[in-house]
Amino acid sequence: MTVTYREALRDALRDALVRDPRVFLMGEDVGRYGGCFAVSMGLYEEFGPERVRDTPLSESAFVGAGIGAALGGLRPIVEVMTVNFSLLALDQILNNAATLLHMSGGQLNVPLVIRMTTGGGRQLAAQHSHSLEGWYAHIPGLRAVAPATLEDARGMLWTALEDPDPVLLFEHGGLYNLEGELAPDAGPVDIDRAAVRRAGTDLTVITYGGMLPKVMAAAEQLAGERISAEVVDLRTLRPLDDATFVGSVTRTHRALVVDEGWRSVGMSAEIAARVTEGAFYDLDAPVERLCTTEVPLPHPKHLEDAAIPQVDDVVAAARALVQGGPGDG
């Protein structure tokens with residue numbers, strides 16, 4: 001059946017609410033309004049206000065309530081509109097959700113899922129468009145996942161709910177209208193391992209989330225130039241599946257990291273370091289990185305497009321890496 005990324009997420013939410021009476025959704029406008037990105041549209045009417053709860057505009061308060069509910073035996077799904085807004089709840093996420101298991105000597109699990117939108121490309125300007133998932137991937141005690149395909153949008157939520165510890169689910173806003181075929185029996189998916197989305201021999205392009213469709217389009221274009229790019233989708237940003245992307249680089253001998261986050265001290269830096277640690281003697285060229293320009297994301301489309309890596313940028317960086325020229329990163 002043909003569905004959008006948004007509909008796949010909604011199906012996952014509906015499935016979780018049906019499967020387990022302990023599951024409930026909570027957040028700003030998730031109820032009557034149907035979610036600020038329409039992901040939860042219709043669930044309020046289907047499951048009622050006890051299971052789909054609208055909250056006041058207080059991220060710290062309702063994330064904290066979610067942590068308390070999880071400690072009390074429920075399975076809350078908390079929606080925090082955009083990753084920028086999640087910073088208002090950072091104390092709850094970092095100092096409570098991520099630490100309680102360790103500070104209680106293993107007595108207090110926090111089985112909480114926090115959903116949030118990330119990324120740019122929608123002309124929502126600097127306070128709604130950033131890619132801060134790398135910040136959360138830095139924090140021990142959290143798992144961070146980034147579905148980039150319809151199957152992962154449909155399947156990651158239930159796997160996350162089965163995790164006894166907090167999971168952050170980053171949905172790229174540019175993917176909500178992504179449309180494609182999804183098997184009627186699509187269900188839970190692995191969130192422990194990265195996926196090789198395209199096999200190749202000349203270089204490995206490592207990416208995740210909203211950059212995956214652009215990288216896949218670039219790989220197709222590169223194939224026309226007889227450059228064979230293997231594409232690795234990280235899927236989970238913490239813990240990173242080193243074995244998959246390092247193993248890929250040992251076969252292709254070149255690595256390009258494409259990250260919508262900023263270059264300095266970000267996901268791309270961590271991945272480049274791990275590739276260098278794990279595959280240094282297999283590299284035919286230094287690891288290259290292609291990231292968003294280090295500015296607050298601008299509103300005008302032409303400036304936003306210029307700041308975020310595009311398909312042509314990926315092609316140019318990959319071509320330069322394979323042909324030995326300077327990269328654009």
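Analyst: Tyr5, Phe37 and Tyr176 form one aromatic cluster. The model is predicted: local features need pLDDT of at least 70 and side-chain atom pairs count only at pLDDT 80 or more, whereas totals for chains, interfaces and linings use all residues. Residues are numbered from 1 along each chain as its sequence is written, and side-chain values use heavy atoms, with hydrogens and water left out.

User: Why is Tyr281 called exposed, and why is Phe280 called only partly exposed?

Analyst: Buried means under 20% relative accessible area and exposed over 50%, with partly exposed in between (1.4 Å probe, protein chains only). Tyr281 has 81% and is therefore exposed, whereas Phe280, at 48%, is partly exposed.

User: How do you know that Arg19 lies over the face of Trp158?

Analyst: Arg19 is 4.5 Å from the ring centre of Trp158. The criterion is that NZ of Lys or CZ of Arg is within 6 Å of the ring centre and within 35 degrees of the ring normal. Arg53 likewise lies over the face of Phe24, at 5.9 Å from the ring centre.

User: What makes α8 largely enclosed by the rest of the structure?

Analyst: Helices (H or I, at least four residues) and strands (E, at least two) are DSSP runs, numbered from the N terminus. Of the 13 residues of α8, 11 are buried, so the helix is largely enclosed by the rest of the structure. Among them are Asp152, Gly155, Met156 and Trp158. Gly155 has a relative accessible area of 0% and is therefore buried. Beyond its neighbours within four places in sequence, Gly155 is in contact (heavy atoms within 4.5 Å) with Gly187, Pro188 and Val189.

User: Where does α8 bend, and by how much?

Analyst: The bend is at Met156 and amounts to about 35 degrees. The figure is the angle between axes fitted to the seven residues ending there and the seven starting there.

User: Why is Arg235 called buried, and what does its side chain reach?

Analyst: Arg235 is in the loop between β11 (229-233) and β12 (236-238). Its relative accessibility is 7%, so Arg235 is buried. Its side chain makes a polar contact of 2.8 Å with the side chain of Asp152, and a polar atom of that Arg235 side chain is also 2.8 Å from the backbone oxygen of Arg193. A polar contact is a pair of N or O atoms within 3.5 Å; within protein, one must be able to donate a hydrogen and the other to accept it, and residues adjacent in sequence count only if both atoms are side-chain atoms. Leaving aside neighbours within four places in sequence, the contacts of Arg235 include Met156, Val189, Ala194 and Tyr208.

User: Is Asp163 buried or exposed, and what does its side chain reach?

Analyst: Asp163, in the loop between α8 (150-162) and β7 (167-172), has 13% relative accessibility and therefore counts as buried. Its side chain reaches the backbone nitrogen of Asp165 at 2.8 Å. Leaving aside neighbours within four places in sequence, Asp163 is in contact with Pro111 and Arg143.

User: Why is Ala243 called exposed, and which residues of α10 are buried?

Analyst: Ala243 lies in α10 (residues 242-252) and has 62% relative accessibility, so Ala243 is exposed. The buried residues of α10 are Thr244, Phe245, Val246, Gly247, Ser248, Val249 and Thr252. These pack against β9 (195-198), β10 (203-207), β11, β13 (255-262) and α11 (267-279). Just after α10, His253 has a positive phi of about 75 degrees.

User: How many disulfides does the structure hold, and why is Cys291 called buried?

Analyst: The structure has zero disulfides, a disulfide being a pair of cysteine sulfur atoms within 2.5 Å. Cys291 has 11% relative accessibility and is therefore buried, while Cys36, at 27%, is partly exposed.

Terms used: Phe/Tyr/Trp six-rings, centres within 6.5 Å; stacked < 30°, edge-to-face > 60°.
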